[in-house]
Amino acid sequence: MSPPKRQVNLMRGWPSPDVLPASQLAAACQRVLTDSAEYTPILQYGADEGYMPLREGLAQWLGRHYRVEPDTRRVCVTGGASQSLACILQSFTDPAYTRAVWIIAPCYYLACGIFADSGLNGKLRASPEDDEGVDLEVLGRMMRQVDEEASNRPSTPSFKDPGPHRKLYRHVIYTVPTCSNPSGKTMTLRRREGLVKLARDHDALVVCDDVYDFLQWPLQGEPTPERPPELRLPRLCDIDLAMGPAADDPQWFGHAVSNGSFSKISGPGVRTGWVEATPAFVTGLSNTASTLSGGAPSQLCAAMLSDMVHTGELEKHIETRVRPSLQRRHRLMMDAIHEFLVPIGLQTRESSLVGCQIYGGYFVWLTLPPECPFSSGVVAEVAKEEDNLILGYGNMFEVLGDEGGARFDTDIRLCFAWEPEESLVEGVRRLANVVQRMSDNTARYQARVTAASPVPDLDSFK
C-alpha cells in the first residue's frame with residue numbers, strides 16, 4: 001500500500017507557526033536596539049545571573065501567577081530548559097558522589113542524554129507514575145534501598161570541588177510536574193508536597209521542567225486570565241521555600257528548582273529560559289564555569305523578551321493566541337479520538353489533573369486495547385510506512401539504561417500543537433485505520449513483532 005502524499009506528524013512537539021509572535025519580537029528588538037545607551041550593555045557580555053530587567057520582570061510576573069512574593073534574587077536567566085539542566089548537573093552533581101538520578105516515567109527521553117553527558121550514565125532509574133503524577137511509595141522504597149546499599153560500600157572521593165557557592169546532591173529527581181511530557185498528567189498538590197519532603201529526607205534535588213504551567217485551560221468554557229486554583233498549583237520550588245532551610249542545608253541551597261522556558265510560549269528559537277530557586281542556588285548556578293566565561297546566555301533575546309514581559313505583550317499573546325489555540329486543537333483531537341479510536345478499544349485520559357476538568361500542554365497519551373497483538377512500536381512503524389503518519393511510540397519514553405523499570409509497549413503519544421488543525425483529525429483517522437487493518441490482518445503483520453523497534457527521528461521528538 002503506497003503512503004498518502006502528505007505526511008502527518010503527530011510526534012513533533014513544536015509550537016504551530018500560527019502562534020509564533022514574530023511581529024511582537026520584531027517590535028521588541030527594534031525598541032531595544034534603538035538607543036545606544038540601552039543596546040550597548042545588551043550587546044556586551046551580560047551579568048552571570050542574567051539580564052537584570054528580565055529577572056525583575058520575571059520575578060513580578062511569576063509572583064503574580066503563582067501568588068508568591070517576587071524576589072529577583074531567586075531568578076536567573078538561562079539558555080533554555082535543556083541548557084539549564086546541563087548547567088545544573090555540572091554545578092550540583094558529581095559522578096562519584098551522586099548516587100542515582102530518578103526520572104519520573106514515562107519521561108521526556110531527550111533529557112536522559114543530558115544526564116549521561118554529565119557522567120551519570122548508568123545511574124538513571126525509572127520512577128513510575130500513578131494517576132496523581134508520581135508513585136511516592138515506590139520511589140521512596142527505591143531511594144532507601146540505594147542509600148542502604150551505598151552505606152555498605154566504601155566511600156569514593158568526589159571528582160568535583162563545589163567550592164563555597166555550590167553543593168553536591170546525593171540524588172537527583174527529574175520531573176515535568178504540570179502537563180507532563182509525554183503523559184499529559186499534572187502532579188497533585190499532595191504529591192508535590194510529599195515529593196519535596198522525600199527529597200529533603202534523601203539529600204535530593206528535584207529538577208522540575210515547568211514549561212507548560214502557563215499552557216492550561218478548562219475542558220468546558222473559554223480560557224480566561226483569571227485562572228482557578230487548579231490551574232495555579234504551587235511549584236515544588238515554592239513548596240520547598242515555604243518549608244524553610246532543611247537542618248542539613250545551612251546555606252539554604254534548597255531541594256527543588258523550577259526550570260522555566262520561553263520555548264513553548266514565544267518560540268524555541270529564542271533559546272532563553274529561567275531558573276527559580278533559593279538565592280543561594282541561583283548564585284551557585286550562575287557560578288557555572290561556562291557562564292562565568294561567557295556571561296549570561298541569550299543576552300540579546302533576554303532583552304527582547306524583557307521588553308515583551310514589561311509591556312504585557314507576552315502575557316497578552318499567551319492569553320489571546322496560544323492558550324485558545326491549544327484548547328481548540330486539543331478539543332479537535334479528543335473529538336476525533338472519541339469518534340475513531342475509542343470504539344476500537346483505545347483508551348486515553350480526559351483530564352490532566354485527577355478530579356478536575358482541565359487539560360494542558362501539548363500531548364495526549366493513548367493505550368492500545370489489551371487484545372492488540374502488536375506493540376505500539378510496530379504500530380508506529382506500519383503507520384509511517386503505509387499511511388505516512390508519524391507517531392511517538394511508548395518505548396521511546398522509557399528511561400535510558402533502566403528500560404525494564406517501567407515499560408510502555410502498548411502506549412502512544414500524540415501531539416496536537418504542531419500540525420494544522422485539519423491534519424489532527426486526519427492523523428487520528430489514519431491511526432484508527434492502521435490499528436483496525438493490523439487487527440484484521442494479524443498474520444500479515446506478525447513478522448514485525450520480533451523485529452527491532454523503529455529508530456526515532458529525534459528532530460521530530462522534541
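Start by selecting Ser-298, which sits in the loop between α10 (289-294) and α11 (299-311); helices here are DSSP runs (H or I, at least four residues) and strands are E runs of at least two, numbered from the N terminus. Ser-298 is not a glycine, yet its phi is positive, about 55 degrees. Most residues other than glycine have a negative phi, and most peptide bonds are trans.

A word on the model: it is predicted, local features need pLDDT of at least 70, side-chain atom pairs count only at pLDDT 80 or more, and totals for chains, interfaces and linings use all residues. Residues are numbered from 1 along each chain as its sequence is written, and side-chain values use heavy atoms, leaving out hydrogens and water.

Next, pick Asp-203, in the loop between α7 and β6 (204-209). Its phi is also positive, near 50 degrees. Asp-203 counts as buried, at 12% relative accessibility (buried means under 20% relative accessible area, with a 1.4 Å probe and protein chains only).

Now for two prolines. Select Ala-105 and Pro-106: the peptide bond between them is cis, with omega near 10 degrees. Pro-106 belongs to the loop between β3 (100-105) and α5 (110-120). Then move to Asn-181 and Pro-182, also joined by a cis peptide bond, with omega about 20 degrees. Pro-182 is in the loop between β5 (171-175) and α7 (189-201).

Finally, show helices α4 (residues 81-92) and α9 (residues 279-286), whose axes come within 9 Å and cross at roughly 95 degrees (axes are lines fitted to C-alpha atoms over the stretch in contact, and angles run from 0 to 180 degrees between N-to-C directions). α4 is therefore roughly perpendicular to α9, a term for angles of 65 to 115 degrees. Colour the contact residues (heavy atoms within 4.5 Å): Cys-87, Ile-88, Ser-91 and Phe-92 of α4, with Phe-281, Gly-284 and Leu-285 of α9.

Technical notes. Buried < 20%, exposed > 50% of the residue type's maximum accessible area, 1.4 Å probe, protein only. Parallel < 35°, antiparallel > 145°, perpendicular 65-115°, else oblique.
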